[in-house]
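Please open the model in your viewer and keep the selection tool at hand.

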Amino acid sequence: MLVSLNWLKHYVDINDQTPEELAELITKTGIEVESVEPIAEKMNHVVVGYVQSCEKHPNADKLNLCQVDVGEETLQIICGAPNVAAGQKVAVAKPGAVLPGNFKIKKAKLRGVESNGMICSLQELGVDEKDVPKEFTDGIFVFHDEVEIGDNAAELLNLDDIIIELGLTPNRADCLSMLGVAYEVAAILDQPFTPQEEVVNPVEEPAADEISVKVEAPDLNPYYGAFIINDVKIGPSPLWLRNRLIASGVRPINNVVDITNYVLLEYGQPLHAFDLDRFGTEEVVVRRAKQNETITTLDGQKRTLKPEHLVITNGKQPTAIAGVMGGADSEVHEDTTNILLEAAYFHPNAVRTSSKDHGLRSEASTRFEKGVDPNRVILAGKRACELLEKYADGKVLNGVVEFDDLDKEPKRVEITTSHINERLGTDISDEEIADILRRLQFRYEQNGELFKVIVPTRRGDVELFEDMLEEVARVYGYDNLPYTLPGGASQAGGLTLQQQLKRKVKNYLQGAGLDETITYSLTRANRAEQLVSREVKEQAKAPVRLAMPMSEEHSHLRLSILPELLESLSYNIARKQTDLAYYELGTVFISEEEQVTVQPEEQLRLSGALTGDWHIHPWQQEKKSVDFFVVKGIVEGLAKLLDLQLTYRQAKLPDMHPGRTAEVLLDNQVIGFIGQIHPKLQNELDLKETYVFDLNVEVLFGSYEKEEAFQAIPKYPSINRDIALVVDEQSFAAEVAETILEAGAPLVKDVRIFDVYQGEHLESGKKSIAFNLLYMDPNRTLKDEEVEKAHEKILSAVGERHQAELRG
């Protein structure tokens, strides 16, 4: 919002403050001032001149020789502007003047003829070209108003103004108007401010004879008012009005359009003027648009409408997109004489939808989207009628034709002094709070320390106690709030055990060569149940769907991290990244209800996805691709880090390879799975062989023993024995190893698999598994007889349980 200080002075006395001081005070009370800039560089010797005569330059076809009366003298000035003519009052820079850009005006000779000064355009005086009225864009500026010859032209053109730019937050829509800013500054400076009354002198003829109003969508348009102004004369606006528009960054066009723009800036209420004779009928019908209905807007674009858009119609066809832009057919032209003036309240959502769909953002739509003051709608219409009557010679018909279903009641908020002080840590008195409410011009009823505040409708952002708390605090002064240190005992900060373990796990995985990712917790419906671990499926009835998803791509809470990880792999592989290893430590969302009524449970899980080559050593001509055992090794390394013993069980899971998948168990409880994703899913995602793991980290962390265990280095020698056992090819090596440990206890301390063989010299349906056994007693040296006895016991046990035979 651009605020002209010269305009603001008409409402509030700010003369005791410099622009910089005022900007600082506004910022300290909660509205950021983004800049304080003069509208133009300071200049002198620029006055109003009267062109007495204008003749062709004797030595140049495109130059004119002008005699210009500047009050104390008549100057001969050569001017090349195409619109200069005798009888005009113009802005003249006399010799000695310095114009913006350090352009110095001196006496000079042009084509042999003396020139003493310059007749100026608005651009040469520092006005931004986009704000210059079209009639003056290619020539000098001509005063249409009554001005005195010799007067200071810079002051008359408002070039001595200072512009303060406010960076408004969405809740402070009240300051999108000069009246709103005036209320705010009056409260800050504790100065009086009473807005002027709208004075209209209507003729006897009622407006209802000319137009009728019908609203078919009262939920989107609870108020619509139509004023009729006849016999208007289109022409330039008065200088003061044009100056204020230019200062606000709005280009003047003609008196009718300028007045509607001016009232928008002054009151914060958008208005729209229709050419009544071009409107087409004698009725206004406000309704939702029909599917594929079209309208050509003021910018000449043909736009296709939808039922979500609100339109103003003449009962037959759309004449405006409500709150956004008018139609070209009913636009005010130079020959317009009768006007239908619209003053309405449109629902913010309706305007926002239309504005977004059509890519149209304007000063009007911005204000409607944030909400306008319901009690200022009719007042803004009357103010425009007053100005049209005065500056366009319009005859305002009696009354306003309206549909009115608008709630104009102010909000009421109760506050107490003790509660205010308790929240702010202050010692504000009842009298100080009453004085703050007076400065804000909030009406109230007081009973001791209780204030029942009646919030004016211009402050739509104040609805709750907390809003009033903010109002009291900012007017009281944030600088006046006491500085306090936190009370109570203090202690050094630190990480919780879970935070420590998270960091430990991340450091391990990153050290192992995996990169961390952070993916969306939201996914689409067909991906929400992909690659879900069995124990999660048993708990969750179905993935949780959002009540109002931002898109179908992000409509469900995830039950597994893996689908999004695989999507990341696919995205990067498509960009020529081939060897990838990702992990993510995040939450999945589990609900035991099909119709979710309570918050879903969040479960912390660790997932990883790997594809491509794991190790490449070109010099040694070695290459190792990612496979099942790489992923299993990563998981086992994690278990060792946490000092936990995991076991694995072959499994068949949806979307996983049927022969290369295993569930991961801790204490016989399933906590996740590892393996290769199904080739069909790989093809869908354009992936090569890809292996994944998914673990319930909460169970892992819950089983972690924080206390460090010390184990002495053995003093006595150990004995290693290798055995190769022939078993059925369906037997699991882990189960055989478990039997060996059990049968060989307490002497067998470790069992390791070092070879698996199938093929020549072995019976069909059989395989050979080779184990290395470590025998040891920490208290003595073992004898060969003891080891042999344990060895025989082991062979007997594996033979009985697994029909294993010692390979010959």
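Begin by selecting R459 and D174: both residues are buried, a term that means under 20% relative accessible area, with exposed meaning over 50% and partly exposed in between (1.4 Å probe, protein chains only). The model is predicted, so local features need pLDDT of at least 70 and side-chain atom pairs count only at pLDDT 80 or more, while totals for chains, interfaces and linings use all residues. Residues are numbered from 1 along each chain as its sequence is written, and side-chain values use heavy atoms, with hydrogens and water left out.

R459 and D174 form a salt bridge, their closest N and O atoms being 3.7 Å apart; the term denotes a side-chain nitrogen of Lys or Arg within 4 Å of a carboxyl oxygen of Asp or Glu. This pair links distant parts of the chain, 285 residues apart: R459 is in the loop between β27 (450-455) and α13 (465-476), and D174 in the loop between β12 (162-167) and α4 (178-189). Helices (H or I, at least four residues) and strands (E, at least two) are DSSP runs, numbered from the N terminus.

Next, select E564 and R527, whose side chains meet in a salt bridge of 2.8 Å, N to O. E564 lies in helix α17 (residues 562-573) and R527 in helix α15 (residues 525-528), so the pair ties together parts that are 37 residues apart in sequence. E564 is buried at a relative accessible area of 12%, and R527 is buried at 7%.

Now select R172, D174, E184, R459, D461, E471 and R474, which salt bridges with shared partners join into one network.
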